Amino acid sequence: MDGLFNFHVITDNFTYFMIGRFPHGPLGGLGLTIYLAVVSCILSFFGGLVLGLLSLVRNPFISYPVNLFINAVRGLPLLMVIFWMYFLLPALMGRTVPESQTVIMGLTLFTSAYMSQIVRAGIEGIPAGQTEAAISTGLKHWQVMLYIVLPQGLRNMIPSFVNQFVSLIKDTSLAFIVGVSELTHVATQVNNRTMAYPTEIFIFIAVIYFFLCYAFTSLSRWLEERLAWRKAI
Amino acid sequence: MLTYQFDWSVVTSGKYFEWLVSGFKVTLQLSVVGIVLAFIVGLLIAVMRMSNFRPVRWFALAYLEFFRNTPLLVQIFFWYFGSYKILPTAVNDWLNSTNFEFAAAVIALTIYTSAFIAEDIRSGVLSIPREQMEAARSAGFSYLRSMQYIILPQAVRITVPPLVNQFLNLAKNSSLAMTIGVMELTYQARQVESYTFKGFEAFTAATVVYLVLSTSITALVHIYDKRVLNPNRAV
């Protein structure tokens with residue numbers, strides 16, 4: 001070995017890091033990481049929307065349990081949520097559940113709880129005058145929410161959603177624990193096989209994660225500036 | 001599921017109960033050592049981030065962006081498996097003579113959390129109106145004394161709730177240390193599960209501990225918020 005580092009281990013396994021055994025086998029590596037993050041993000045957007053709206057319902061018999069649930073999930077480590085899914089899903093569904101689905105469900109449940117707080121803050125950020133004006137024009141409560149408050153609120157929520165997506169990308173690394181072959185898992189596999197290059201391998205995947213997440217962090221900042229309401233003064 | 005026999009005695013007494021308790025202790029150790037170190041490093045990075053000297057500011061910015069945009073698990077693996085090539089021999093020897101799993105977890109948690117704390121501290125300082133500094137300076141305080149007596153005391157008060165939140169995040173994140181064999185709460189819950197097949201009981205016990213921890217600390221922040229930060233607000 002010449003020099004301190006030997007990055008041949010990266011170039012030799014590059015396609016494996018990127019897509020796993022994809023054309024001949026299941027998708028893995030970075031491709032699977034992005035797939036897990038995107039699917040969980042879409043699901044938890046709707047999960048967060050439902051939980052956020054329910055947590056604002058006037059009826060305490062609905063809002064109280066929903067808030068309790070949201071706070072309970074937020075109080076747990078993601079790892080715990082994934083383990084719960086790993087146990088409960090097969091028991092509840094009466095069949096074995098593939099690991100990648102377990103992880104998607106775990107990530108969705110966990111992220112929905114955080115998304116619901118974004119939705120809540122976005123809705124509460126719309127001035128009460130808007131609601132009052134809409135009601136006085138004869139709209140019903142659900143119409144006010146659907147046509148007046150949510151369209152404005154969702155716009156304000158976009159940067160926070162993008163930030164949450166960045167967290168989600170980072171959180172997909174936990175799929176490693178239940179054996180889903182996403183980027184981190186692939187890295188440990190290559191590390192176990194080659195033995196001698198852990199530094200190179202983990203620096204490499206850290207850099208990949210960094211570029212991916214940094215791109216979206218920057219997007220979120222740009223959107224925040226772009227979408228800011230023009231102030232009167 | 002219907003045929004499952006619950007046996008709560010597994011986790012309420014005896015050997016497995018002691019495993020869980022020892023796991024909780026390790027979780028607390030990781031969290032407390034981690035938050036103290038992360039606060040010190042975070043303060044340092046925050047000060048560097050606000051420095052007028054560009055290279056220092058850029059270093060702090062690169063540190064913040066890199067460690068915030070990389071998964072904690074990858075950082076843990078890096079310090080555990082890969083750090084020996086970049087650390088001096090003396091440090092490696094010292095780390096190997098101690099509990100290396102614990103040390104690697106603390107290093108990773110500290111660095112990861114410090115990046116978040118630095119931003120909290122910075123926004124705390126930035127939230128103090130500029131006029132406070134100008135008034136202090138015109139009253140004859142030097143820059144450092146104005147920071148010490150006027151700006152920082154106010155900034156710290158504002159920064160306490162986000163810092164406590166970071167402590168909670170750290171406690172939750174410390175569960176990832178199980179992947180390198182640190183025997184904290186989640187690790188022990190899993191151990192109990194694999195020894196007794198009572199996974200439901202074991203994970204319920206761990207869940208309850210995490211929830212009690214986070215609920216009680218959140219409640220304390222809430223009281224602090226009411227009593228100290230907004231004592232005069234009606235609601």
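What covers the buried residues of α4(B)?

## Cover of α4(B)

The cover includes α9 (183–194) and α10 of chain A, together with α6 (100–126) and α8 (143–173) of chain B. Helices here are DSSP runs (H or I, at least four residues), numbered from the N terminus. This is a predicted model: local features need pLDDT of at least 70, side-chain atom pairs count only at pLDDT 80 or more, and totals for chains, interfaces and linings use all residues. Residues are numbered from 1 along each chain as its sequence is written, and chains are lettered from A and ligands numbered from 1 in the order in which they are written.

Nine of the 11 residues of α4(B) are buried (20 or more other C-beta atoms, placed from the backbone, within 10 Å of their own). Among them are B:Leu72, B:Ile76 and B:Trp79.

## Packing against α10(A)

α10 (residues 198–227) of chain A packs on α4 (residues 72–82) of chain B at an angle of about 165 degrees, with the axes 9 Å apart. That makes α10(A) roughly antiparallel to α4(B) (angles over 145 degrees).

Chain A contributes A:Pro198, A:Thr199, A:Phe202, A:Ile203, A:Ile205, A:Ala206 and A:Tyr209 to the contact. Chain B contributes B:Val74, B:Phe77, B:Phe78, B:Phe81 and B:Gly82. Contact means C-beta atoms, placed from the backbone, within 7 Å.

## Chain B overall

Chain B has 10 helices and zero strands. Of its 235 residues, 36% count as buried. Its C-alpha atoms fill a box of roughly 75 × 55 × 25 Å along the principal axes.

How values were computed. Axes are lines fitted to C-alpha atoms, for helices over the stretch in contact, and angles run from 0 to 180 degrees between N-to-C directions. Helices (H or I, at least four residues) and strands (E, at least two) are DSSP runs, numbered from the N terminus. Angles under 35 degrees count as roughly parallel, over 145 as roughly antiparallel, 65 to 115 as roughly perpendicular and the rest as oblique. Two residues are in contact if their C-beta atoms, placed from the backbone, lie within 7 Å. A residue is buried if 20 or more other C-beta atoms lie within 10 Å of its own, exposed if 12 or fewer, and partly exposed in between; C-beta atoms are placed from the backbone.
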